[in-house]
Amino acid sequence: MAASAALTSCGTTQDSDQDKQDLIGRSSIQINDRELTPEALWSMGRIGGLTVSPDSKQFVYSVSYYSVPQNKSNTELFTMNADGSDHQQITHSPFSENSAVWIKQGTKIAYMSAESGSPQLWEMNPDGSNKKQLSNVENGIEGFLFSPDEKKVVLISTVRVVESTAERYPDLPKATGVVVNDLMYKHWDEWKTEVPHPFVGDFDGNQVTNLTDIMAGEPYEAPLRPFGGTEQLAWNNTSDNIAYTSRKKTGKEYAFSTNSDIYIYDLNKKTTKNITEGMMGYDTNPQYSPQGDKIAWLSMERDGYEADQNRLFVMDLATGNKNFISKKFDSNVDDYVWAQNGQSIYFIGVWHATSQIYQVEVKSTDLKQITEGMHDYASVALLGDQLIAKRHSLSSGDEIFAVAKEDGVATQLTFENKHIYDQIDMGRVEQRWIKTSDNKQMLAWVIYPPHFDPNKKYPTLLYCQGGPQSPVSQFWSYRWNPQLMAANDYIIVAPNRRGLPGFGLEWNEAISGDYGGQVMKDYFAAIDEVAKEPFVDADRLGCVGASFGGYSVYWLAGHHDKRFKAFIAHDGIFNMEMQYLETEEMWFAQWDMGGAYWDKNNAIAQRTFANSPHKFVDKWDTPILCIHGEKDYRILASQGMAAFNAAVIRGVPAELLVYPDENHWVLQPQNGILWQRTFFSWLDKWLK
């Protein structure tokens, strides 16, 4: 079913009194005792995407605000000069304006808003005046991308690919049953009945018309669910080709494969070409060079391995030659942007537990590190003769910085949460290298309470990372926040154990097929080393983690030899055999577990399932809190419930926190506060 191409145009609207009452903006919270609290975290504005004006003199960015009493969020738009001056909030409504870009030579800002009842494309003046709706797509849109000449625009909207029960049986309109005949019938937190498609339309400066689905009749998604956005599409310089990312597979084939490709759709010929045919892993996020003669993208080598090295590739459009230009960087490339001259690319990558900005030459592949320090860069774009980037750390959420290209000197431009940070004392963050059981060096972060007294003894928490191959870098989280844990008078130990990027490919891949192996020894090495400190109370150690970190908690509960006095597992794998069959992304289970549990001749798989946490419940002897969301289709809630039930049957003190309406994360404000209160109540009960 194609999205509607019927378009309307409307002018500025006035907010109703009820709208004004529902408006959520920056909080003026007052902090007591200078301590970080869950309420303070939820009061912080969260900076989103940013876009630089065509003349590089301004940028526009979004900030999301949350209301715990109203249990919802709202997003507003701001502008600022490139030097940080003239900071203006340009929207004041409850309609969550977002995804803003500059159009019409910088005289207008295009953005998304649900003001008309569904997310649509709008424009306004740079001061927020004269709002006008440009699209009216039946299903609403999920993103947009203007062509360089602005005569066309791509709108992302969903199309139905599974016939509903009511469509199949019109006489059963109230039947809720879903008939399934292949895999991938669910994904992350939704039943897979629709997929996003790119629709290209004409834009005359006033409205979008003549929308055409460039993947009409194809049951495939573009961009990729659940995380893909318009970064997975790109216009060429002459506005007649669209590069897009898609994994053109369905059902069982989709469930076992990560092989997405970069396709180029020719608007004039109405033809599609796959430019990454034979490249078997994820290929995503295309970008044409400023000169239009090359195209770059991110590429993983192996099909089925979602945590393979993310490499930066460049193809010469005239010759078709492809070049792996980031080969001198032994880690992943994340966000990137072309230099204006097209001779180099700036990118973000993690190394030794911090994410920094690098520059790589396209021809020579020579590499230069631009920034350094105890922080993570999260995005990078051009800002005239500088770069502009978002940056965070273990002690501060995202803010926007201007970065000098030559020496990496960074100037902070936004101070979104300064009024909150000024009221809080943060704990000291220490980098520590620890010797592992096989005599390797492992980096761990140690976070101390804000008013740390070396003469006291503190309860201490081992933080187990999820992913499983996600770096323990200078991350900032609004739930798993080490500074919040430290503010509750705990010392936090966060090791970059085996199976994390930023320490070379061998280190990153050591976890695959060996969940219960060296990675667990690394956890013991980290907590045992820090527990030797005179200020650590070795009789009051706790262990916490989510996803693979939750698996780690369940596994450690059966092997810790009485090290820990309390455990907390969120969305963790408890029964590996059931997880192999319950999860939806089978490529993940197949690669990480090594194969199916019934394959008795597969030594790797048999080792995996022999290390399933549920097989060691007879050794559980320590209080455990299990947390899970029932909309988590990646690791089903039955895993957390089974772990809780096992503990109770065994006579081990246990508690279960279940969210019927949350997925692999906790997204609603009041549920987030409940999570924090339950988390610390459990730890305080057993460790204080």
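This is a predicted model: local features need pLDDT of at least 70, side-chain atom pairs count only at pLDDT 80 or more; totals for chains, interfaces and linings use all residues.
Colleague: Where should I begin with strand pairing, and how many bridges join strand 1 to strand 2?

Modeller: Two strands count as paired if at least two bridges are found between them. Strand 1, residues 46–52, is joined to strand 2 by 5 bridges, and the two run antiparallel.

Colleague: What lies between strand 1 and strand 2?

Modeller: They form a hairpin, with 5 residues between them. In that turn, S56 has a positive phi of about 60°.

Colleague: How many bridges join strand 2 to strand 3?

Modeller: There are 10, and strand 3, residues 72–81, runs antiparallel to strand 2. Q58 stands opposite N81 of strand 3. These two strands also form a hairpin, with 4 residues between them, and N71 in the turn has a positive phi of about 60°.

Colleague: Now the second largest pocket: which residues lie nearest its centre?

Modeller: V161, V162, M184, Y185 and K192 do, out of 28 lining residues. Helix 3 (165–168) and helix 4 (251–255) are the elements that each give two or more residues to this lining. The pocket holds about 570 Å³ of space.

Colleague: What classes of residue make up the lining of that pocket?

Modeller: The lining has 14 nonpolar, 7 polar and 7 charged residues.

Terms used: Residues are numbered from 1 along each chain as its sequence is written. Side-chain values use heavy atoms; hydrogens and water are left out. On a 1 Å grid over the protein atoms alone, a cavity is a set of points where a 1.4 Å probe fits but cannot get out, and a pocket is an open set with protein on both sides within 12 Å along at least five of seven lines; lining residues have an atom within 4 Å of a point. Grid points are joined across faces, edges and corners, and a volume is the space filled by probe spheres set on the points. Ala, Val, Leu, Ile, Met, Phe, Trp, Tyr, Cys and Pro count as nonpolar, Asp, Glu, Lys and Arg as charged, and the others, Gly among them, as polar.
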